[in-house]
Amino acid sequence: MSKQLSNETLIEIKHIKKYFPIKKGLLSRVVGQVKAVDDISLEIKKGETFGLVGESGCGKSTLGRVILRLQSATDGEVIYNGQNIHALGSSKLRDLRQDLQIIFQDPFGSLNPRFLVSDIIGEPLKVHTNMTAAQIDARVVELMELVGLDASRRNRYPHEFSGGQRQRVGIARSIALNPKFIVADEAVSALDVSVQSQVLNLLARLQKELGLTFLFIAHGLNVVRHISDRVGVMYLGKLAEVGPTEELYNKPLHPYTAALLSSIPRPNPALKRERIILKGDVPSPANPPSGCRFHPRCPMAQDRCKAEEPLLAEALPGRQVACHFPLVEDGALERLAARTLG
Amino acid sequence: MSAQLQPASNTEAPADIVPQSEKPLGPWRLTWNKFKRNPFAMSGLVVLFLFIVAAVAAPWLSPYDPARQDLLSANLRPFTGDHVLGTDELGRDIFSRIVYSGRISLTIGFAVAAVAVIIGSIIGAISGYFGGWADIIFMRIVDVMNSVPTLFLNILIGAIFGTNFLLMIMILSLTSWMGVARLVRGNFLQLREMQYVEAAKSIGVSSWGIIFRHLLRNASFPIIVNATLMVGGAILAESGLSYLGLGIQPPDTSWGMMLSNAQEFMLIDPMQAVYPGVCIFLVVLSVNFIGDGIRDAMDPRQKAQLSPRRLDQWRAKFSKSTK
Amino acid sequence: MARKILEVNEMSAGFLVNKEIVKATDRISFNVEEGKTLCIVGESGSGKSVTSLAIMRLIDYAGGAILEGDITFNGASLPAKDQDEMRRIRGNQIAMIFQDPMSALNPVFTVGDQIAESLRLHQNKSDKDAMKEAVELLRQVGIPSPEVRAKQYPHELSGGMCQRVVIAIALACRPQLLIADEPTTALDVTVQAQILDLLQSLQKETGMAIILITHDMGVAAEVADRIVVMYAGGIMEEGSVEEIFAKPSHPYTVGLLKSIPGFEANDGNELYTIKGTIPRINQLPTGCRFHPRCEHAMDICRNQEPGFFQLGQDHKAACWLFEEHAAESKVSPARAAIEHGEVRV
């Protein structure tokens with residue numbers, strides 16, 4: 001993306017962990033833990049779109065919710081405005097909700113079917129401001145026009161809107177209070193391509209006009225490439241790689257990133273690329289493999305990978321990767337692809 | 001627009017800029033539209049409406065004071081003088097008593113249903129939404145209440161505290177909210193996982209706001225169905241208690257009490273039992289039809305099926321290449 | 001040319017909507033050859049899933065019906081058959097797999113049982129033989145240690161594994177035609193790649209024809225031999241995969257391809273969008289069903305529905321831009337856009 005990135009950090013995530021206990025039996029004895037997010041540190045810069053990709057179950061949605069404290073963290077800090085969000089009292093947290101918002105995936109489930117669209121968009125205003133009903137209505141009209149909805153339909157129920165329009169309603173709700181930071185959790189994944197592009201453009205425009213910072217969580221790699229300035233790739237609760245979007249897409253350093261990128265189906269039958277097909281499935285986060293979590297599926301795994309966990313470290317300027325043998329040299333990617341063919 | 005998104009205070013737009021909003025067709029209207037087309041439910045509604053009108057208009061409708069005894073004209077046949085349904089053994093006008101009994105029976109029915117629904121909804125909502133200890137404790141209370149023989153409890157309380165109208169409503173409510181609580185809890189267990197609940201949390205809506213503004217509204221249809229059915233149950237329960245002499249006390253009267261009185265004269269004048277019996281039967285049947293009607297009307301699964309006849313008509317009209 | 005195994009001819013399927021019969025597919029025609037893959041591409045509401053339900057005659061159970069036209073499978077007309085006859089064809093000669101593998105499997109039976117059931121039902125195999133073959137099928141769809149997996153329940157398997165099981169069930173009776181309705185949409189990309197690979201290699205082995213229904217042009221490009229692009233119940237463009245992607249012609253196809261984000265670096269421009277949304281099937285516009293969203297719409301488009309215009313040997317589009325005399329006077333704007341490299345594929 002051509003826009004200038006600021007160096008100011010908006011949100012700093014420090015060693016965030018989120019474990020879910022696995023309970024068993026009558027007495028709900030804790031017999032294990034699902035490490036959905038396992039020690040992730042990350043800085044999100046003001047005004048940028050940080051894309052977070054990964055397969056289902058990798059913990060990307062959980063991370064988004066922990067950052068907003070929609071779920072509590074098992075350990076770690078999320079620093080916003082010099083305060084740790086996870087240490088705030090409930091009234092301060094409620095105030096903070098104005099700055100930190102979320103857009104959901106499901107355009108059907110995320111809107112209360114028994115609320116009028118005007119009530120849905122106006123609800124944050126009702127909760128956080130002292131605006132009168134008329135002021136709220138005026139603001140709802142303004143917001144609906146901003147996101148490209150016909151404001152004369154505001155007193156209708158969500159079921160009368162199409163999927164793309166509902167997603168716009170969700171977006172209008174999330175920007176109602178002029179937030180600074182928005183987590184977009186698979187915000188366009190449920191939409192058809194032609195509608196998806198409309199919503200992506202809307203998000204990009206809103207970012208420009210309102211100076212928003214996005215954490216854009218998605219499994220759709222194309223979408224993330226289009227909208228993000230920087231991208232983080234998650235695998236089994238850990239960050240595998242972080243880097244500026246284009247550099248990461250053109251030259252993935254982690255073998256997992258390489259495999260992920262190579263599996264995107266491309267709308268060009270002439271391009272019979274060498275696909276890196278990974279063996280097996282993502283292991284359960286309740287029982288992650290030893291050492292590098294990717295090693296059982298990695299075509300390049302060596303003994304060291306089984307024993308020692310690689311840490312996220314800078315392998316090239318501005319590029320962080322958690323791999324003992326990152327694909328830094330020229331031709332490393334081709335060798336990886338060749339290896340999977342056998 | 002946009003660049004300045006200062007919300008709030010000074011954005012009051014003149015009315016002519018704000019686009020007028022169209023009238024929505026909400027879930028209530030949609031349900032009503034379907035409900036209207038159900039003949040059973042509609043006739044139930046009409047019958048119940050007539051009973052309610054009669055109860056409200058009792059002082060004007062009934063020719064006699066229902067408690068006025070006139071031993072000289074006891075046990076009159078129907079249509080004797082202006083005693084439309086005749087009189088009972090104490091010479092009280094049966095029609096007047098039926099109308100006044102309707103007041104009490106219907107009031108008890110609706111009041112018990114209302115109180116039970118309120119108690120049950122609150123307890124069920126808290127159990128279902130918060131889960132954990134609240135759920136365990138409330139649901140055990142429900143279990144205990146369910147295992148106490150209701151009739152016995154009613155008899156006991158009646159024996160200790162005596163019987164009167166308000167106490168009667170209290171007793172019946174306190175022994176019938178458990179079903180609603182279970183129902184609402186089950187509903188909330190599902191509803192609390194909906195994404196709009198998370199959305200509400202993310203904009204800072206409090207738990208009570210989510211329970212009462214967001215979720216109860218979504219659980220309202222099943223609650224209403226349950227409440228209608230409960231009206232019938234309460235009327236029957238009151239009849240039962242009054243029949244046992246533990247309900248309403250004279251000079252008040254209810255359909256159940258009339259039944260109870262009538263049993264002594266079953267052989268002489270069986271019609272004395274038939275009148276209140278028919279009233280109870282009609283009201284309970286009506287509320288059941290209404291409840292079923294609401295349930296059917298809000299069931300989205302009903303899907304129109306293409307009949308072969310329609311298909312043939314369509315083909316004859318539009319199709320060029322039919323087999 | 002290979003044998004045509006399925007021919008769909010001027011077929012309309014419809015439902016009752018507000019007491020009116022409404023067409024969900026409008027006189028669509030296409031055919032599928034032995035050993036080949038046809039991809040039906042479209043967005044939600046395009047009628048692509050209804051098409052598959054109509055072929056399977058499952059549409060009867062969904063409250064709809066085939067209104068007109070014919071579907072010929074192996075020379076026999078499917079709409080003329082009764083449901084008893086269809087039951088023998090379904091799962092036996094035509095098999096189907098769905099989007100959500102988890103809900104397609106019964107949670108209280110082991111996966112081995114579920115595969116064996118189909119064999120017992122359609123091929124009168126004994127329990128023992130059926131189970132043995134089930135294990136063999138699991139091996140064939142690439143499930144490691146199939147003997148163990150056959151005794152497991154669906155919840156013990158991952159989503160990708162479940163989809164492999166569903167494919168194994170579909171393959172159990174060696175169908176001649178496999179209909180796959182968004183088979184990889186619920187799966188992750190790396191697993192999607194595995195499943196698409198599997199389908200292709202199984203096709204090579206068995207010679208079955210595949211109809212793959214997808215909204216993803218990328219998936220279609222990878223596996224299709226032919227492509228049918230559907231919009232709001234009608235076919236917009238049809239052709240060989242090479243032709244469609246080399247010369248996408250219908251403005252809708254072009255728009256779909258242009259709206260896919262992220263195949264190149266974001267140059268800071270807005271993503272191409274097709275304005276508006278797909279209409280409901282009971283609110284179709286007059287003339288060309290795409291005209292309200294089309295940036296090249298002409299007067300004729302608003303009034304008259306276009307027929308197909310042949311664009312190449314194996315390529316046609318239903319769009320007035322390609323009417324012969326129009327094509328002579330000017331190159332169609334949609335095509336010009338492609339030739340100027342505006343379409344990034």
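Begin by selecting α4(C), which gives the second largest pocket the largest share of its lining, seven residues; helices here are DSSP runs of H or I with at least four residues, strands are runs of E with at least two, and both are numbered from the N terminus. The model is predicted, so that local features need pLDDT of at least 70 and side-chain atom pairs pLDDT 80 or more, while totals for chains, interfaces and linings use all residues. Residues are numbered from 1 along each chain as its sequence is written, chains are lettered from A in the order in which they are written, and side-chain values use heavy atoms, without hydrogens and water.

A pocket is an open set of points on a 1 Å grid where a 1.4 Å probe fits, with protein on both sides within 12 Å along at least five of seven lines, and lining residues have an atom within 4 Å of a point. Among the 25 lining residues, Gly91(C), Glu117(C), Ser118(C), His122(C) and Ile169(C) lie nearest the centre of the pocket, whose space is about 770 Å³.

Then show chains A and C together: 39 residues of chain A and 44 residues of chain C take part in the contact, counted from heavy atoms within 4.5 Å.

Finally, select domain 2 (110-175) and domain 3 (252-265 + 273-342) of chain A, bounds that come from an automatic or database assignment; their C-alpha centres are 44 Å apart.

Key:
Points joined across faces, edges and corners; volume = space filled by probe spheres on them.
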